[in-house]
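This report describes the fold, strand pairing, helices and selected side-chain features of one protein model. The sequence and coordinates are shown below for reference.

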Amino acid sequence: TVPGRMVQRNVERLEVVVLVLDLRTVLGHTREKALLTVRRARRAFGIAKHDHLSLAVEKLAQALDEIKADASIRSATELLSQYTSPVSPGISVIGFSLGAYFALNLSNTLPELIRSVVVFYGTGPIDFSQSREDYLGHFAEDDAFEPQSEVDRLESVLQQAGRPVTFHQYSGTGHWFFESDRPQAYQPEAADLAWQRTLEFLKSA
């Protein structure tokens, strides 16, 4: 189950509108198209077939048109904002990996539309001077993509901006530990705990 589908299925009972951002949604692809894009990236960047998929994803992310992706995400946010209720105004954003960067950036560029942000194993910009949200973060113990120094930096700048922030680290995990369609990385116990904490956060934020 990809994060977007899992989140959609499990937040239906919550009085909150959720925008989910991961590599596939940022690229605007289904899983099948995303994998096809990764294969094309392998060829384009000269990555051997036997190399780890994450290297292809990393190269693909580097080539991402950030301006175009950011514009698409802003449009989606503005559209979803029409469906928020007076009981629970604002959108909650959940970002996975690369999507975490865009979720964090969104919270500073459209703070009037965002109520809370959850990030999974991803960091982002350093300017949160305009943000108004609460933040929750889930991070791996051993993450080749997000070193602890970057996680500590993000936590520090959010605190300096005066934002409520709670970060959790999950022992024995690596990048993508929440994603059940990545069997080599998926850690069900950590994923379940992270999701329970996320639901509690979405209810209270």
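How many bridges join S3 to S4, and do these strands run parallel or antiparallel? S3 and S4 run parallel and are joined by 5 bridges.

## Basis of the description

The model is predicted: local features require pLDDT of at least 70, side-chain atom pairs count only at pLDDT 80 or more, and totals for chains, interfaces and linings use all residues. Residues are numbered from 1 along each chain as its sequence is written, and side-chain values use heavy atoms, with hydrogens and water left out.

## Overall architecture

The protein chain contains 8 helices and 5 strands; helices (H or I, at least four residues) and strands (E, at least two) are DSSP runs, numbered from the N terminus. Read from the N terminus, the order of elements is α-β-α-α-α-α-β-α-β-β-α-β-α.

Of the 205 residues, 49% count as buried, where buried means under 20% relative accessible area, exposed over 50%, and partly exposed in between, with a 1.4 Å probe and protein chains only. The accessible surface of the chain is about 10,500 Å², and carbon and sulfur atoms contribute 49% of it; accessible areas come from the Shrake-Rupley method with a 1.4 Å probe, and for residues only the protein chains shown count as cover. Among contacts with a separation of 6 or more, 62% are between residues 24 or more positions apart, a contact being heavy atoms within 4.5 Å.

## Strand pairing and crossovers

Two strands are taken to pair if DSSP finds at least two bridges between them. S2 and S3 pair in the parallel sense over 6 bridges, and Ser 92 has Ser 116 in S3 as its bridge partner. S2, H6 and S3 together form a right-handed β-α-β unit; a crossover is right-handed if, with the strands pointing away from the viewer, the path from the first strand over the helix to the second runs clockwise.

Strand S4 (residues 134-140) in turn pairs with strand S5 (residues 165-170), in the parallel sense and over 6 bridges. The chain passes from S4 through helix H7 (residues 148-160) to S5 in a right-handed β-α-β crossover. Within this pairing, Phe 167 in S5 is the bridge partner of Gly 137.

## Buried elements

S3 is largely enclosed by the rest of the structure, because 7 of its 7 residues are buried. Ile 94 lies in strand S2 (residues 91-96) and is buried, with a relative accessible area of 0%. The C-alpha atoms of Ile 94 and Ser 116 are separated by 8.6 Å, although these residues are 22 residues apart along the chain.

Helix H6 (residues 98-109) is also largely enclosed by the rest of the structure, since 9 of its 12 residues are buried. These buried residues include Phe 102, Leu 104 and Leu 106, together with Asn 105 and Asn 108. The end C-alpha atoms of H6 are 17 Å apart, which agrees with the 16 Å that its 12 residues should span at 1.5 Å a residue; the expected span is 1.5 Å times one less than the number of residues. Helix H8 (residues 188-204) has 17 residues and reaches 24 Å from first to last C-alpha, close to the expected 24 Å. Among the buried residues of H8 are Trp 195, Leu 199, Phe 201 and Leu 202.

## Salt bridges

The count comes to 2 salt bridges, each defined as a side-chain nitrogen of Lys or Arg within 4 Å of a carboxyl oxygen of Asp or Glu. One joins Glu 150 and Arg 153 (3.2 Å, N to O). These residues are 3 apart in helix H7 and therefore separated by about one helical turn. Glu 150 is partly exposed at 29% relative accessible area, as is Arg 153 at 22%.

The other links Glu 179 and Arg 182, whose closest N and O atoms are 3.3 Å apart. Here Glu 179 is buried at 4% relative accessibility, and Arg 182 is buried at 14%.

## Backbone exceptions

Most residues other than glycine have a negative phi. Tyr 121, which is not a glycine, has a positive phi of about 40°. Tyr 121 is found in the loop between strand S3 (114-120) and S4, and is buried with a relative accessible area of 0%.

Trp 176 also has a positive phi, near 70°. Trp 176 is found in the loop between S5 and H8 and counts as buried at 9% relative accessibility.
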